[in-house]
Amino acid sequence: MLPIKSPIATAVLALIVLNSVWRAFAEEPATAVNTLSAGQIAAKVQQATAALNDVARQGATKAQADQLFALYSADFVYQHDKYGGVYPRDQLYRNTLRMIQNGGDNTQNDRYQLLQILPGESSAAVLRLTRDGQQHLSVFEFSGDKISKIKEYW
């Protein structure tokens, strides 16, 4: 390699080397975060919807609630601005157990039927049909392989 005598050429070369090193390290966290593929996101949404349906049925159990909440991250939040704002995981879990103790929704029918899942970057827009015929739009956000937030838009 030829010696570089120009300060500008030296600076450019240094930036190229630093950029290469930075890219190598910057790409590592993306793998460590465990970004889900579109198919994995859709499967998690389907799994969560099935678990939500199980918990809402008459005769639901604490074990079923635990299966649902195992899909959620430790810092999970449920947000529904029209109906009360933001619910942290602990409060939502307590409310779910109370609902189960009170008989659930007192029905054997599914609460939700999935109509469409549009996966995005660590999230999905989800259109569901309720048992009474209403369409509900939600966004599921993911942190790693866990659901970190569900925001309702209905």
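The charged end of Arg128 sits over the ring of Tyr112, 3.9 Å from its centre. Here a charge sits over a ring if NZ of Lys or CZ of Arg is within 6 Å of the ring centre and within 35 degrees of the ring normal. The model is predicted: local features need pLDDT of at least 70, side-chain atom pairs count only at pLDDT 80 or more, and totals for chains, interfaces and linings use all residues. Residues are numbered from 1 along each chain as its sequence is written, and side-chain values use heavy atoms, with hydrogens and water left out.

**Aromatic pairs**
- The structure holds five aromatic pairs (ring centres of Phe, Tyr and Trp, its six-membered ring, within 6.5 Å; planes under 30 degrees apart are stacked, over 60 edge-to-face, the rest tilted).
- Phe69 and Tyr72 pair edge-to-face, 5.1 Å centre to centre with 80° between the planes.
- Phe69 is buried at 2% relative accessibility, and Tyr72 is buried at 4% (buried is under 20% relative accessible area, exposed over 50%, partly exposed in between; 1.4 Å probe, protein chains only).
- The rings of Tyr83 and Trp154 lie 5.6 Å apart at their centres, with planes at 45°, so this pair is tilted.
- That pair links distant parts of the chain, 71 residues apart.
- Tyr83 is partly exposed at 47%, as is Trp154 at 26%.
- Ring pairs link Phe69, Tyr72, Phe76 and Tyr93 into a cluster.

**Around Ala70**
- Ala70 lies in the loop between α3 (62-69) and β1 (72-80); helices (H or I, at least four residues) and strands (E, at least two) are DSSP runs, numbered from the N terminus.
- Ala70 is partly exposed, at 40% relative accessible area.
- Beyond its neighbours within four places in sequence, Ala70 contacts Arg89 and Lys146 (heavy atoms within 4.5 Å).
- Ala70 and Lys146 are 76 residues apart in sequence and 8.2 Å apart in space, C-alpha to C-alpha.
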